[in-house]
Amino acid sequence: MTDEIQVNIEKEIEDIFYPMVKVRSDTNTVHEKKMEYFFMDFFGQLDYFRKNKELYGNYPIKGDSLNRSVFWGLVKGDGADTIVLINHNDVVDIEDFKTLKAYAYSPRELEVQLQKIKGKLSAEVQEDLGSGQYIFGRGTADMKAGASIQLSLLKRYSSMKNVKGNILFLSVPDEENISAGMRSAVELLDNLKQKFHLHYVITINSEPHQRIDKDTGIIYEGSVGKLMPFIYVRGSLSHAGKVFEGFNPVSLLSIIINKTNLNLELSDFIPGEASPPPTWLSIRDSKTHYDVSMPLSACGYLSVLTLNKEPSEVLTKIKETCHEAFVELIEDMNVKYKIFAERKNKSFAPLPWEAKVVTYKELYDEAYDNYGSKFLKDYKLILEEAERKVKAGERSIADVNFYLVEEIYNYIDDLAPRVVIGLAPPYYPNVSNINIKNLEDRCKDISRKIMDFSREIFGQPYIKENYFTGISDLSYTYIENADAVASSLEGNMPLYGALYSIPLDKIQNISMPCLNIGPWGKDIHKLTERVLKEDLFYKTPRILHYVISLLLQWQRNY
């Protein structure tokens, strides 16, 4: 194998990239199916796959309301060693394009339109627009650039003779939502491993990287984890003119928010890297109309990103924080109530409230203790209705957890104020090669070899980070404590095992190291999303080919 595989690949990538960007594939919509047709057409035109129809196809996502599939293609060579190339083919919507929506998926036309309004764009965007070095458009960076690079290399590999090892290409939908595609791809990987007797060496994703230094690229050897704790605060109703007779749940939720938002104790740190601190994604109360009563409940959910924390650790910390907030609020209410009583010349007695924080599982168990088999029978119907609401688009997969809590409260006899905490989907395990105990020798120090290669061939430095913090499907490529993770999700994630599941046992079975090697992209998910042409057409494909050649021990002549 020589570097001839890379000759004239720029034109080939271009011929794939622009038609791929042109295909509208908004996440969690019927448009995602269009990419499946794109891939089937593309693979159907390649001689290798026309002759080997059993080596590519669509793998349906079980129970998916949009009937989406994972697309896969395998170049089968000699031996079991297999490099897995993954990418996602969904993109975020184009609401921010406003009057330019008609050009969102047409980079060349969009560039013309952006030139007309460049005075309204930032100085950096104006500079990049004028340089001619970037391609603008929805999905250009995230992530049809990386997908096009991988597809062009696979096409070349499919025409080679006597290939050593195997290259497996996977393109998944739904990455921008709850990764239904990658969670199903794990099952596919497990099936293909058994069917073709594959040994998975590494998974390579090609998500775009966002640079700190414009001249220095970034390689990632892992991906940040994500948890979404939800918090439900039950109050006690009273008229707004009788505030000390009730308990306003908004007051408690606001203190909890203040204590958890950007709380660095919920972040993870390793030398030189950190998970971004948590932030709240949604908050609301239960009132649906105006009246002069306090709301009965308030709720919300926050995003917690992790490098090494497990779900049980995060829940424990959240529970402790909620309890602290509860105690502080009761103390503050008593202080104010005492002053209020004194000024009215009334006697003071402490308010009756006590701090109480429970997990969703504890609330569920309490309902079962109260009503036994009747609750179990009714809860099954409640859960089915929750699933219906999500599938019908009436509730999001996160919001429906509050519906479940409210329904369980019909079986709770103790109606004193309390906090209920749990986990909403999705869950992304944190992964990094630094945590793999028995890493194969060929995968050790892989980033340093890439950095040396880039300096020698391009004269460009790259740095390594252990975690990609943009959240990615790489989270589902490795796990070694599947049982422990499953036990922490069961019960505390109401939808786990019903509307939402993760094949943790299969992830453990196919576990492998991972890399993210992608082009430089800017303004991901924004109107001015763009990818660097030099990376797309020249540098990134050569780096990817180098890594594949190195790991499969192909002869190289760079």
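Reader: What does K144 touch, if residues up to four places away in sequence are not counted?
Author: K144 touches F17, M20, V21, V23, S25, M35, N89, V91 and G139, where contact means heavy atoms within 4.5 Å. This is a predicted model, in which local features need pLDDT of at least 70 and side-chain atom pairs count only at pLDDT 80 or more, while totals for chains, interfaces and linings use all residues. Residues are numbered from 1 along each chain as its sequence is written, and side-chain values use heavy atoms, with hydrogens and water left out.

Reader: Why is K144 said to have no salt bridge?
Author: A salt bridge requires a side-chain nitrogen of Lys or Arg within 4 Å of a carboxyl oxygen of Asp or Glu, whereas D26, the nearest side chain of opposite charge to K144, is 7.4 Å away. The side chains of K144 and S25 are joined by a polar contact of 3.0 Å, a term for N or O atoms within 3.5 Å, of which, within protein, one must be able to donate a hydrogen and the other to accept it, with residues adjacent in sequence counting only if both atoms are side-chain atoms.

Reader: How do you know that C443 is in no disulfide?
Author: A disulfide is a pair of cysteine sulfur atoms within 2.5 Å, and the nearest cysteine sulfur to C443, that of C514, is 10 Å away, too far for a bond. By this rule the count comes to zero disulfides.

Reader: What makes C443 and C514 count as buried?
Author: Buried means under 20% relative accessible area, with exposed over 50% and partly exposed in between (1.4 Å probe, protein chains only); C443 has 2% relative accessibility and C514 has 1%, so both count as buried.

Notes: Lys, Arg positive; Asp, Glu negative; His and termini not counted.
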